Amino acid sequence: MRDVLETERLILREITKADLPILFRIFGDAESMRFYPRAKSFQETEVWFEKLAFRSYEAHGFGLWGIVEKATGELIGDCGVTLQPTPQGLEPEIGYHLRREWLGRGYAVEAAAACRDFGLGGLGFERIVSIVSPENIPSLRVAARIHQRWEIYRTVTAAGAQVDRFLFISERDASDTDGPDTATRVAMVEAAALLVMRRRETEG
């Protein structure tokens, strides 16, 4: 088990199989997984981390890492970088999941920002993204805080349904000094998500 990143309040470390029962508190919880098709079984949770953590560590040197709160030493969720399909092809994407009792403390932004900086710095990516459903307002707010810009694209799910997704983008050589401040960026993203959902209702 290797520590990868450290922030003011958090340590991000490699996940082990011993962590899976704790992480299953997230993936097996219907409320925590409400923006996914459904909650996962324990076996499905194992498969998820086998692909996005254990095999990814070996193949790429990165993946989903465990989030540990420094003050308590408790594993509170996962956050990391995995390769995900976007309109540009496979790209490094920041994703996270927190246990419900740890939400609302700014930990998602803290962990995701650390992953962004590590991806663009230590891992040498030119560009790193986050993919978020328009219904997932909490994650839209996190992504709007840590990324420079966003696009909206349409894709097809495994079930064959057409869906809209927000693609948040940070680039190593780009500067966001001339863009809107964080609060304005968050408000703009929320307004854009509302328009997307209204358009979907009209189309439906």
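Colleague: How does R154 count by relative accessibility: buried, exposed or partly exposed?

Modeller: This is a predicted model: local features need pLDDT of at least 70, side-chain atom pairs count only at pLDDT 80 or more, and totals for chains, interfaces and linings use all residues. Residues are numbered from 1 along each chain as its sequence is written, and side-chain values use heavy atoms, with hydrogens and water left out. Buried means under 20% relative accessible area, exposed over 50% and partly exposed in between (1.4 Å probe, protein chains only). R154 has a relative accessibility of 38%, so R154 counts as partly exposed.

Colleague: Which residue's side chain has a polar contact of 3.1 Å with that of R154?

Modeller: R154 is in strand β7; strands (E, at least two residues) and helices (H or I, at least four) are DSSP runs, numbered from the N terminus. Beyond residues up to four places away in sequence, R154 touches Q162, V163, D164, R199 and E203, where contact means heavy atoms within 4.5 Å. A polar contact is a pair of N or O atoms within 3.5 Å; within protein, one must be able to donate a hydrogen and the other to accept it, and residues adjacent in sequence count only if both atoms are side-chain atoms. At 3.1 Å, the side chain in polar contact with that of R154 belongs to D164.

Colleague: How many bridges join β7 to β8?

Modeller: Two strands pair if DSSP finds at least two bridges between them. β7 (residues 149-156) and β8 (residues 162-171) run antiparallel, and they form a hairpin with five residues between them. The number of bridges joining β7 to β8 is eight.

Colleague: W150 and F168 form an aromatic pair; what is the angle between the planes?

Modeller: Rings of Phe, Tyr and Trp (its six-membered ring) pair if their centres lie within 6.5 Å; planes under 30 degrees apart count as stacked, over 60 as edge-to-face and the rest as tilted. The structure holds eight aromatic pairs. F27 and W48 form a tilted pair, 5.6 Å centre to centre with 50° between the planes. W150 and F168 are also tilted, 6.4 Å centre to centre, with an angle between the planes of 45°.

Colleague: Is F168 buried or exposed?

Modeller: F168 lies in strand β8, 18 residues from W150 in strand β7. W150 has 22% relative accessibility, so W150 counts as partly exposed. F168 has a relative accessible area of 1%, so F168 is buried.

Colleague: Within what arc do the buried residues of α5 fall, seen down its axis?

Modeller: The buried residues of helix α5 are R185, V186, V189, A192, A193 and V196, and they pack against α4 (137-146), β7 and β8. The arc is that of the directions from the helix axis to the C-beta atoms. On the other side of α5, the exposed residues are A183, L195, E201 and T202. The buried residues line one face of the helix because they fall within an arc of 125°.

Colleague: What is the relative accessible area of T82?

Modeller: T82 lies in strand β4 (residues 74-86). Leaving aside neighbours within four places in sequence, T82 has contacts including L52, F62, L64 and P92. Its side chain also makes a polar contact of 3.0 Å with that of Q84. T82 is buried, and its relative accessible area is 4%.
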